[in-house]
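Q: I have a new model open and would like a quick tour. Can we go through it piece by piece?

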Amino acid sequence: MDRLSFVVLSFAATVVAQTSPPPTLSLLADLNVTNAGTSSSPGSAAADLHTGAGDRVPFVRFGAEAVFVADNEDTGRELWITDGAAGSWPSGTTRLLRDIRPGTASSNVANLWVHAGYVWFTADDGISGTQLYRSDGTTAGTVNVSGTAPGSAQVGGEFAPLDAQRFFFRSQPVAGGNYNLYLYDQGVVTPQTTAANWCNPFGCTPLPGGIVFRNQRTSQLNFADGTQVTNLSSATGPVAPDKFVRVGSRVLFVARNNPNTTGLELWATSGTVAGTMPLGDLRPGTLSGTNLDVVCVHQGVLYFKGYDALAGSATEQLWRSDGTVAGTWQVSSSTTTPLAGITAMETNGTTLLIGTANLGIFASNGTLAGTSLLMPCRSVSSLNFTAGRFWWQQSQDPLPGFDDALCFSDGTIAGTGSVIAPLGSGALRTATAMVEIAPNTVLLAGDDGLRGTEVWRSDGTLANTQLVADLHGRTWTKASDPSGFAEFAPGRLVFSARDEAHGTELWTTDGTPAGTTMVVDLVPGTDPSTPLYAAALDGFAVFAAYTPTHGRELWRTDGTPGGTSLVLDIWPGATGSGPQYMTRVGDIVYFRADDGVHGAELWVTDGTAVGTHQVADVVGGELLPHSFCELGQSGIVLFNGNLAGDRELWRSDGTALGTYRLVDLSATSSDPYHLVQLGDSILFSADDGVSGYELWRTDGSVAGTYLVEDLYPGAPSSMPSDFAVRDGGVSFVALNPTYGRELWSTDGTALGTSLAIDLVPGTGSMDPQHLVFMGNRHLYFTAQQTGFGREPWVVRDGSPFLTDRIADVRPGSSGSIPSGGALGQRTFTDSLGRMFLAADDGRFGAELWTITQGAWSKAQGRPCGTGMLPRLTATPPVLGQMWILKGSGVTPGTYVTIGLNWPATVATNLGGGCHLHLNAVTLWLFPWFQSSGSQWTQFVNLPSDPWLAGLRFSLQSLHTASGTSFDGFSNGVWIEAGF
């Protein structure tokens, strides 16, 4: 200890500048080695689900995931969910939600629709007929909610919202009977029409205060407001209304007049008889003017394909309508610039894209003069805008040796391209409609010519267009797919992983192969308990897991079989409360759960049954909380909460009275996400309805909640995400029209917010994701580089000039696709100088890897005291450089000293949330010094002595005003010296 005292306290040592060596990456454990890993058999997995107005898509977006229907030879055609991470079923994060009709028979899932925080759909379990189901994204939360006796009804879809909680749907009052309109109100189903006066609703489309639809019995237009059904058709029409499209406060549709003197023409309705009218005879005479089979609402105007009004013309051209007679006219004609053969239209809010059968795809501002050819191509189909780009499928590509291609565009010629795959290459050849699953990334149902139609993801490049899951095969790969890491004790983590003998269960590691073992098999045999959302408390972690007896419920573990137990069966029985988004705040964990009575509400736990309870029940609906973040060290948590469909920023102190909406930032929903601490404030991403999703800050008050910076000026969103905190600042990812999606930094002010690193100069991007700091030194993230795929990257010592790929884990363009974060959790998890993650090197599948580095520091626990709460931070002790220790939140005038222990000491719990990281052999680094303000800084010149490398210490500052008793302890800081 004498030598240690000398080298640590030697302030006369010369500072020697050294560049930190790059971190090293190594495979820690291949947990699943019993199967050689063969390809699954080809099959069809995608499903086209009709969701209204001619839009047929295989996926519906649900939070950070996508829900879809797929056919698996073991389960039949059932409901699935994915977050888009690669990995063949049943490895990876693509999973079967529920086998509603057990066995190989299909439940015929259809009519997927997202409303009130659930995915709603129809399915047949083989006993009850086609019933109404909903899902919260978990197996336990995928349930029948029809509330009818088996065989008494057949639900027929036609979902349409009345408000944030209520919706209409179509169902038979008795099996084999006629369909009627029903209202679903939080479990209560009410018929809107009688069996004798059946209506068989079709095309249900919302308007303010109700819905309009076609009454199939009378072929007339009806309006329902939840209390009565009104006929909107007068004696002259409309007759046989069809193809409903909402445009502002009106619904536009096609119908015939009475008698039929016009053919099918364009009509509009505001939900009243007086407000229902034809918009003109677009094609004079009895010939139909339009079928509304290709439509797009662009800047509040409906653009559609209609027949050329030119006498004798039989071509279809571009039309527009704002829902009034005066605002309805033909944009193009066969005598000007023709847009014949329109097959698809889509908008990004600024530009309208128009696809044609033979001419190509056009960019337009809605006028003839503002319409120009964007890209020559043939047979444009499946056009949509998602993940920041237009995407479409072009058939019969003219390039020799190539087949169909997936194309993309940002609305400019320079930003337009295609993912062209050689025939027989195994790369994606055809794609149907798609959905955004991550920034600049889409999920799609694609066919590579080898496997049939399966689930793929793409960022618009051939290298990064990859198979997500081949769901049709039976054979498991050998990947263990570790995820959901949580450090519950210094150097010890729990996580979820699978092997062939046990399925997906709870594991633990100390960072060594020998110390990496399964904790317990909660569901004996190969069936999984699938642990998720682990959050650490002192010496143990709480998590959600499934068992057949309790469903998905709240558990705890200390990393041993005997120390793993059920905390509370919140929803008694096999249904399960589905705990989600566990987040530690002080000595408790906030989470979301459904007890079967109140819906998905805010709960807390201290890891005991007595200390687990619901915080608040939102009147008139479900709070559906997520994205929890503590406000400084106050014990107050801010989060994303729902009130009648309006998602805004909420706060809670753990009591019902102290739980309320903090601010209402948008007239609809600001939907705050990615909440992260910055000192005593919180940064987050939100949409105020004007600037798009941008960077915001709050101190927990209404007046202290404001927009920091509009990084993508105007209505487009910069989508700040992947926040990573270090001392005094935050790194994050954002989209900017000049730089693309790159790395930014902020101190929480507009002046202190700037581009940090432009990995791809110009508007291009490697799409950095999953940012996390190792202490205050290195910034880790994943990036997608052409020729390498997605691999782990690092910014060493905060320098743009020391930014590089850590390793090419999987050589070639596929990438190792680093993962490890369960829903709401991080890809990288640091624990005492090691970073844990899952990666696939192409040989073992997704397995457990670690990144090691030299010097590091990490805060442990939280401060405590009678006055202000002092916080201690320390830069990593890099040998040969300056070591900086900082205190903040200090009561001015108090005396401070800093203790150092070697080796590092596991904290002693003093009660009341206080922990001591020192003991009797503490070395006091500095004599007592007085703090003049609320902050202090001390410097140590560390010698370049290799003997110190690898030594691990614990630090803590003590505070006193009287000199006779301690008034406060800072948090602890663990450090390791190195180069």
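Q: Where is Ser-627 found?
A: Ser-627 is in strand E52, which covers residues 626–630. This is a predicted model.

Q: What is phi of Ser-627 near?
A: Phi of Ser-627 is near 60°. That is a positive value in a residue other than glycine. Most residues other than glycine have a negative phi.

Q: And which loop holds Ala-116?
A: Ala-116 sits in the loop between strand E8 (110–115) and strand E9 (118–124). Ala-116 has a positive phi of about 55°, although it is not a glycine.

Q: Is Ala-116 buried or exposed?
A: Ala-116 has a relative accessible area of 19%, so it is buried. The cut-off for buried is under 20%.

Q: On to peptide bonds. Which residues does the cis bond with omega of about 5° join?
A: That cis peptide bond joins Gly-237 and Pro-238. Pro-238 is in the loop between strand E19 (229–231) and strand E20 (239–247).

Q: What about the peptide bond from Asn-258 to Pro-259, cis or trans?
A: The bond from Asn-258 to Pro-259 is cis, with omega near 0°. Pro-259 lies in the loop between strand E21 (250–256) and strand E22 (265–269).

Q: Zooming out, how many helices and strands are in the protein chain?
A: The protein chain has 1 helix and 83 strands.

Q: How much of the chain is buried?
A: Of the 979 residues in the protein chain, 57% are buried.

Q: Let's pick a strand. How many residues of strand E58 are buried?
A: 6 of the 6 residues of E58 (residues 693–698) are buried, so the strand is largely enclosed by the rest of the structure.

Q: How does E57 pair with E58, parallel or antiparallel?
A: Strand E57 (residues 681–687) pairs with E58 in the antiparallel sense, over 6 bridges. Ser-685 has Leu-695 in E58 as its bridge partner. E57 and E58 form a hairpin with 5 residues between them. Gly-689, in that turn, has a positive phi of about 85°.

Q: And how many bridges join E58 to E59?
A: 4 bridges join E58 to E59 (residues 705–709), and the two strands run antiparallel. Thr-698 stands opposite Thr-705 in E59. E58 and E59 also form a hairpin, with 6 residues between them. Gly-700 in the turn has a positive phi of about 95°.

Q: New topic. Which strand does Ser-731 lie in?
A: Ser-731 lies in strand E61, residues 729–736. Ser-731 counts as buried because its relative accessibility is 11%.

Q: Which residues is Ser-731 in contact with, leaving aside neighbours within four places in sequence?
A: Among them are Asp-722, Phe-723, Trp-744, Leu-771 and Phe-773.

Q: How many cavities of 30 Å³ or more are there?
A: The count comes to 4. The largest cavity has a volume of about 100 Å³.

Q: What lines the largest cavity?
A: Its lining has 13 residues. Asp-136, Ala-140, Gly-141, Trp-571 and Asp-594 lie nearest its centre. The lining divides into 4 nonpolar, 6 polar and 3 charged residues.

Terms used: Residues numbered from 1 in each chain as written. Predicted model: local features only at pLDDT ≥ 70, side-chain atom pairs only at ≥ 80, totals over all residues. Heavy atoms only, no water. Buried < 20%, exposed > 50% of the residue type's maximum accessible area, 1.4 Å probe, protein only. Pairing = 2+ DSSP bridges. Contact = heavy atoms within 4.5 Å. 1 Å grid on protein atoms, 1.4 Å probe; cavity = no way out; pocket = protein on both sides within 12 Å on 5 of 7 lines; lining within 4 Å. Points joined across faces, edges and corners; volume = space filled by probe spheres on them. Nonpolar A, V, L, I, M, F, W, Y, C, P; charged D, E, K, R; others polar.
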